Amino acid sequence: MSVDSFPQTDEMSVVTLTDVVEESQFSQRVLIRHIIGLPDGGAGMAGQKVRVGRWVKTGHEHFKGSFAFLELNDGSCPTNIQVVVDAAVSPLGQLVPTGTCVHVEGELKVPLEGTMQWIELRVHKVLDVGTIDPAKYRLPKSRLTLEFLRDYVHLRLRTNTMSYCDWKCHPE
């Protein structure tokens, strides 16, 4: 899809989400690569309502627990999408641990100037949370070595290294 073929802002009211990106058949979840992989990094989709989900790569509560930033990755590409969750939407303590599985619905927004993201998701509804016990599930935020992953095979898909290898070898 070229930049010229992407609908202009005044035409966005007649364009539906399915015209721009493909949703999963049963969960209506949009793969992160379909958002981030657009020529504008997904900024042209601002204002669209989407559902995304999978694993929290990193999460941080801000302003005394009033909201949280989550970096979410679904394994479809090596890039994460930033998700902003307000404390009124869901208890933040269960969302921020690394490795938590979430399925959220919200609106894509262009973040403030000076941020590294092209697009972020402001969550309106948390559809599902697979909580995790950080004491038992010690997945560090730092890069995992291949030696570590040999011992814990079930963690491979939750890492950027293995997700990226799978994505490059089998893009569809």
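## Cysteines

At 31% relative accessibility, Cys101 counts as partly exposed, the class between buried (under 20% relative accessible area) and exposed (over 50%), computed with a 1.4 Å probe on protein chains only. Cys77, at 5% relative accessibility, counts as buried. The number of disulfides is zero, where a disulfide is a pair of cysteine sulfur atoms within 2.5 Å.

## Basis and confidence

This is a predicted model, in which local features need pLDDT of at least 70 and side-chain atom pairs count only at pLDDT 80 or more, while totals for chains, interfaces and linings use all residues. Residues are numbered from 1 along each chain as its sequence is written, and side-chain values use heavy atoms, with hydrogens and water left out.

The pLDDT, which is the predictor's confidence in each residue from 0 to 100, averages 76 over the chain, and 72% of the residues score at least 70. Confidence is lowest in helix α1 (residues 17–20), with a mean of 50, and highest in β3, at 92. Residues 1–19 have pLDDT below 50, and this stretch has 27 contacts in the model beyond near neighbours in sequence; a contact means heavy atoms within 4.5 Å. Residues 164–172 are also below 50, with seven such contacts. Where pLDDT is low, the predicted coordinates should not be read in detail.

## Overall architecture

The chain has four helices and five strands, in the order α-α-β-β-β-β-β-α-α along the sequence. These elements are DSSP runs numbered from the N terminus: helices are H or I with at least four residues, strands E with at least two. Of the 172 residues, 40% are buried. Among contacts between residues at least 6 apart in sequence, 56% join residues at least 24 apart.

## Strand pairing around β2

Strand β2 (residues 67–73) has six of its seven residues buried. Its pairing with strand β1 (residues 49–62) is antiparallel, over seven bridges; two strands pair if DSSP finds at least two bridges between them. Trp55 has Asn73 of β2 as its bridge partner. Four residues lie between the strands in the hairpin of β1 and β2, where Phe63 takes a positive phi near 50°.

Strand β2 also pairs with strand β3 (residues 81–86) in the antiparallel sense, over six bridges. Here Phe69 has Val84 of β3 as its bridge partner.

## Nonpolar core

A nonpolar core is a set of buried Ala, Val, Leu, Ile, Met, Phe, Trp, Tyr and Cys residues joined through side-chain atoms within 4.5 Å. The largest one holds 25 residues, of which Ile35, Val50, Ile81, Val83, Val104 and Leu108 touch the most other members. At least two core residues come from each of α2 (32–36), β1, β2, β3, β4 (101–109) and β5 (120–130).

Leaving aside residues up to four places away in sequence, Leu108 touches residues including Ile35, Met45, Val50, Ile81, Ile119 and Leu121.

## Buried polar side chains in loops

Ser76 sits in the loop between β2 and β3 and is buried, with a relative accessible area of 7%. Its side chain makes a polar contact with the side chain of Asp74 (2.6 Å). A polar contact is a pair of N or O atoms within 3.5 Å; within protein, one must be able to donate a hydrogen and the other to accept it, and residues adjacent in sequence count only if both atoms are side-chain atoms. The side chain of Ser76 also reaches the backbone nitrogen of Arg33 at 3.2 Å.

Thr98 lies in the loop between β3 and β4. Thr98 is buried at 13% relative accessible area, and its side chain reaches the backbone oxygen of Lys57 at 3.4 Å.
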